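These notebook entries record what I looked up in the structure shown here.

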Amino acid sequence: MEELRRYRLIIFLVLIILGPFLAKFFSASDINLFKIEDDLKLGQKLSVEIANNPSHYKILDPVEYKEAYNHIYRIVKTILNSGKLKHRDDFRWEVKIIHDDKVLNAFCAPGGFIYVYTGLIKFLDNESQLAGVLGHEMAHADLRHSTRQMTAKYGTDLLITILMGGEHDQLTQIATNITSLAYSREHETEADLASVAYLCGTEYDARGTAGFFEKLLQGGQAGAIPEFLSTHPNPENRIENIYKEAQKLGCKNLKSTQDRYAELKSLLP
Ligand SMILES: [Zn+2]
């Protein structure tokens with residue numbers, strides 16, 4: 001026991017000395033010190049907070065609006081069945097529709113808790129565009145961007161906690177304010193490209209997300225800046241990158257899903 005404490009003290013001191021180097025290392029690498037269960041726990045926590053704040057997040061009743069939910073679940077299932085998500089079976093991938101026609105947004109909390117605003121659904125023209133946006137958001141969760149980013153930010157502290165035998169729960173406590181962490185430029189690009197890969201080979205146009213950006217640019221939708229535009233890469237570049245990626249992957253399927261999409265819109269309040 002005495003021995004163990006001595007080792008821990010040595011490790012602790014080494015880590016303190018190496019701190020600045022480690023911080024650089026964590027932010028430059030894809031290392032994630034969090035466990036898969038941590039992603040789930042963080043997402044769960046966020047989903048409880050959202051559920052407890054109905055004045056801000058008006059969740060559409062999944063029973064009353066069952067048919068609308070079925071449409072979204074069908075799209076999410078198509079994306080999951082692409083076989084390209086790493087954590088298809090680890091994460092929850094549950095969906096909530098938020099009733100707010102002014103918000104052109106969707107987001108996905110760690111662990112696969114997906115939220116989509118009625119404003120976004122009504123703004124888009126076809127299912128491929130919505131699938132593209134959902135794919136982008138699901139990619140943030142599947143690629144574990146939040147916990148990777150927290151590793152980059154708090155990596156050394158986290159490592160010390162783990163090695164000092166701290167309770168694993170302490171890690172998730174460090175990460176309480178997860179929503180305030182905006183994704184980096186690299187993670188936005190990663191999510192854009194992952195969305196193309198997910199949709200490629202499904203019934204959807206793999207460039208769906210680009211369709212969303214194009215509409216946004218056409219409409220000059222300032223003001224309601226959604227998650228996807230919250231960070232640096234400008235929409236024009238992103239459209240170009242999405243087109244290039246779809247071409248590179250040889251994505252072909254361009255089936256029209258307009259009718260089904262009109263039905264989904266008609267089922268919303
Ligand atoms: Zn994003």
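**Entry 1: E203 and R260.** I looked up the partner of E203 and found a salt bridge with R260, the closest N and O atoms being 3.1 Å apart. I took a salt bridge to be a side-chain nitrogen of Lys or Arg within 4 Å of a carboxyl oxygen of Asp or Glu. The pair links distant parts of the chain, 57 residues apart: E203 is in the loop between α8 (185–199) and α9, and R260 is in helix α11 (residues 258–266). Helices here are DSSP runs (H or I, at least four residues), as are strands (E, at least two), numbered from the N terminus. R260 has a relative accessible area of 26% and is therefore partly exposed. The cut-offs are under 20% for buried and over 50% for exposed, with partly exposed in between (1.4 Å probe, protein chains only). I also noted that R74, E127, E203 and R260 are linked in a network of salt bridges.

**Entry 2: source of the values.** I note that this is a predicted model, in which local features need pLDDT of at least 70 and side-chain atom pairs count only at pLDDT 80 or more, while totals for chains, interfaces and linings use all residues. Residues are numbered from 1 along each chain as its sequence is written, and side-chain values use heavy atoms, with hydrogens and water left out.

**Entry 3: other salt bridges.** I recorded 16 salt bridges in the structure. One of them joins D101 and K122 at 2.9 Å, N to O. D101 lies in the loop between β1 (94–98) and β2 (106–109), and K122 lies in helix α4 (residues 118–123), 21 residues apart. D101 is partly exposed at 40% relative accessibility, and K122 is partly exposed at 29%. I then looked up D89, which forms a salt bridge with R88, the closest N and O atoms being 2.9 Å apart. D89 counts as exposed at 66% relative accessibility, whereas R88 counts as partly exposed at 36%.

**Entry 4: α9 and α10.** How do the axes of α9 and α10 cross? I found that the axes of α9 (residues 208–219) and α10 (residues 235–248) come within 9 Å and cross at roughly 150°. Axes are lines fitted to C-alpha atoms, for helices over the stretch in contact, with angles from 0 to 180 degrees between N-to-C directions. The crossing makes α9 roughly antiparallel to α10, a term for angles over 145 degrees. Contact (heavy atoms within 4.5 Å) is made by residues including F213 and L217 of α9 and I239 and I242 of α10.

Note on methods: Angles under 35 degrees count as roughly parallel, over 145 as roughly antiparallel, 65 to 115 as roughly perpendicular and the rest as oblique.
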